[in-house]
Amino acid sequence: MTDQTTLQYTAEHEWVLIEGDTATVGITAYAAEKLGDVVFVELPAVGTGVIAGSIVGEIESTKSVGELFAPVTGTVTATNDGVVDSPELVNSDPFGEGWLIKVTFLELPPLLSHSEYSALTGE
Amino acid sequence: MTPELTERYSPLHQAHVDAGASFTDFAGWQMPVRYSSDLAEHHAVRTAAGLFDLSHMAEIRVSGADAAAYLDYALAGKLSAIALFQAKYSLILNAAGGIVDDVVVYRTGESEFLVIANAGNHFPALEALTKRAARFDVTVTDESDDTALIAVQGPNSLTILQATIGLTATDDLGALRYYRAMTGAFTDVPVLIARTGYTGEDGFELYVPINQALALWNALTTAGADHGLVPAGLASRDTLRLEAGMPLYGHELSEATYPAQAGLGRVVNLAKETDFIGRAASEEGPQAGSAVLVGLVSAGKRAGRASYDVYRTADAHTPEGMITSGALSPTLGHPVMMAYVSPSIARLGTEVFVDVRGTRIPATVTALPFYSRKP
């Protein structure tokens, strides 16, 4: 179980785990709950260059479509095939097995702390 | 026109909070969108049973010597022809032949009917029904604030109702046919028990005074515990009705939609001997070439959603249709959509393309419903 207080967050309801120059990205439990049961995940290919704030993937539930925004500028180094095969992992373990992509970056933009993100969602 | 600026709550609201529901705004009401998983709730209704709170819907009582003749004038169908405790799906049309609301009508007496309107059309429906009553000996009473509606839907529904402590019916519930109703009681208050629903499964809808709604909800929950009953939210209700090919007002139906376009031509009774609001326009019918409602299926997992464009070919510039509802069907495992399209691409089996956020996905025109329960 990932300690959510050590993660950073975006206003687009992504969580970001920083390890060296790599950011692991997923969507928060709050976002997963709002989406409902996730039935389809589309992720960028490994090697894709992404720009912070741009849309790089889609997370679809039966009811709606959520967009995955790149939280940092860099290159996708890994994607979670497990979540493409079993999209329900986004709901069942959003901070763990439901991770989406890993991106290497040169510079870290300002992100939200756990308390700042909690204030944003009111939870 | 919109007196409600504040959020409204069902009489069952606390039960939903206690059950861990997420809420969504529906026509000003805070209603459960899901309790845990909308997929699990959907599958429960198809295989066992689901419990729905539909207390936001509007109940309008029509009574008086002219009640049957009045409804023949106010609605598109011939309500005078239905038997006591029969239910009928009907439409409130405007003078131009468009749809003010789609309703279910129960005949609760020789000169008494109960009209169930959509929550989002509570006031337009009430206003139309009230205005149209002027020259009839009839009283139109809005009972929405006093009435809760609880639906039990799914193959185990009958067993659950029969096992519910305190719920009694005046006759054998098992012999009650689809689109029929009977009176009953819960503890000491009257309940209208109808074999109707909006899921494509067997099921019942129970109209109960609000002060007994929570007790009835709890009794049904207890009775259903051994029969796979789960509380189900509006998210699953939407995917269930979509699979069953049932139109949803605001998506497939509107003031600008003719019933014939929506495949509801049969609901407008032009053989009726008497005049009704919307009759002249309905006789004319929609303009030649007007879009018609079709079902679409596609492969893969990405469903076209409401408002997405439909094209004749992969590279056509001009859309010839628009999706009104769409989802990855939980039961069928592939996307299902309803769309209004040009008649020239409406033929069953026609290959069309849906623009899913910039990607054109091939889809096939298919007959509605997408899903029918086995008899």
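Q: In what order do the six strands of chain B close into a barrel?
A: The general idea first: two strands pair if DSSP finds at least two bridges between them. Strands (E, at least two residues) and helices (H or I, at least four) are DSSP runs, numbered from the N terminus. In chain B of this predicted model, the barrel order is 16-19-18-17-20-21, with antiparallel pairing. The twist from one strand to the next averages 45°; angles run from 0 to 180 degrees between N-to-C directions, and axes are lines fitted to C-alpha atoms, for helices over the stretch in contact.

Q: How should I read the numbers and letters?
A: Residues are numbered from 1 along each chain as its sequence is written, while chains are lettered from A and ligands numbered from 1 in the order in which they are written. Because the model is predicted, local features need pLDDT of at least 70 and side-chain atom pairs count only at pLDDT 80 or more, whereas totals for chains, interfaces and linings use all residues.

Q: Over how many bridges do strand 16 and strand 19 of chain B pair?
A: Six bridges, in the antiparallel sense. Strand 16 covers residues 292-298, and strand 19 covers residues 335-341. B:Val292 stands opposite B:Val341.

Q: Which residues of chain B does UniProt list for "domain: Aminomethyltransferase C-terminal"?
A: Treat such records with care: annotations may be inferred rather than shown by experiment, feature names are shortened, and positions follow the numbering used here. The unreviewed UniProt entry lists residues 293-371 of chain B. This span is 0% helix and 48% strand. Its end C-alpha atoms lie 17 Å apart.

Q: Is A:Lys63 buried or exposed?
A: Count C-beta atoms, placed from the backbone: 20 or more others within 10 Å means buried, 12 or fewer means exposed, and in between is partly exposed. A:Lys63 has 21, so it is buried. It sits in the loop between strand 6 (55-61) and strand 7 (65-69) of chain A. The unreviewed UniProt entry lists A:Lys63 for "modified residue: N6-lipoyllysine".

Q: Which residues is A:Lys63 in contact with, leaving aside its neighbours within four places in sequence?
A: Contact means that the C-beta atoms of two residues, placed from the backbone, lie within 7 Å. A:Lys63 contacts A:Gly36, B:Asp38 and B:Ala235.

Q: How many residues of chain A are in contact with chain B?
A: Nine, and they meet 13 residues of chain B. The chain A side divides into three nonpolar, two polar and four charged residues. Here Ala, Val, Leu, Ile, Met, Phe, Trp, Tyr, Cys and Pro count as nonpolar, Asp, Glu, Lys and Arg as charged, and the others, Gly among them, as polar.

Q: How many residues of helix 2 of chain B are buried?
A: Seven of its ten. Helix 2 spans residues 38-47. Among the buried ones are B:Asp38, B:His42 and B:Val45. The buried residues pack against elements including strand 3 (29-34), strand 4 (49-53) and helix 7 (234-243) of chain B.

Q: Why is B:Leu176 partly exposed?
A: B:Leu176 is partly exposed because 19 other C-beta atoms lie within 10 Å. It lies in the loop between strand 11 (167-169) and strand 12 (181-186) of chain B. Beyond residues up to four places away in sequence, B:Leu176 touches B:Met182 and B:Arg195. B:Leu176 and B:Arg195 are 19 residues apart in sequence, yet 7.0 Å apart in space, C-alpha to C-alpha.

Q: How many helices and strands are there in chain A?
A: Four helices and nine strands. Of its 123 residues, 42% count as buried.
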